[in-house]
Amino acid sequence: MRTNERIRVREIRVIDETGQQLGIMPPPQALAIARQKGLDLVEISPTAVPPVCRIMDFGKYQYQEQKRNREAKDRKSTRLNSSHLGIS
């Protein structure tokens with residue numbers, strides 16, 4: 001997932017932190033808006049034409065993704081353990 005200055009395309013569609021579309025603009029302009037808000041510009045759909053980027057707190061997003069993955073892994077493990085106990 002590319003962020004901030006790593007986004008190297010001519011135009012991007014920008015969505016702000018509230019989910020409102022800001023339109024199509026060059027990445028430096030979108031990055032300036034994100035920086036004013038103290039947030040990051042994150043490419044969420046690189047295959048779209050033009051690519052879709054969202055203004056968000058990328059560190060918080062990464063933390064929430066890791067947390068979701070851990071919880072999913074724990075649920076899977078619990079399900080497997082309880083099914084093994086039920087068979088015994």
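Guide: Let us begin with Thr-3, which counts as buried because its relative accessibility is 9%, where buried means under 20% relative accessible area, exposed means over 50% and partly exposed lies in between, with a 1.4 Å probe and protein chains only. This is a predicted model, in which local features need pLDDT of at least 70 and side-chain atom pairs count only at pLDDT 80 or more, while totals for chains, interfaces and linings use all residues. Residues are numbered from 1 along each chain as its sequence is written, and side-chain values use heavy atoms, with hydrogens and water left out.

Thr-3 belongs to the segment before β1 (12–15), where strands (E, at least two residues) and helices (H or I, at least four) are DSSP runs numbered from the N terminus. Once its neighbours within four places in sequence are set aside, Thr-3 is in contact with Leu-41, Val-42 and Phe-58, contact meaning heavy atoms within 4.5 Å.

Phe-58 leads us on to helix α2 (residues 58–87), which also holds Tyr-61, three residues away, or about one turn of the helix. Phe-58 is buried, at 16% relative accessible area, whereas Tyr-61, at 26%, is partly exposed. A search of the whole structure finds one aromatic pair. The ring centres of Phe-58 and Tyr-61 are 6.2 Å apart and their planes stand at 25 degrees, so this pair is stacked; rings of Phe, Tyr and Trp (its six-membered ring) pair if their centres lie within 6.5 Å, and planes under 30 degrees apart count as stacked, over 60 as edge-to-face and the rest as tilted.
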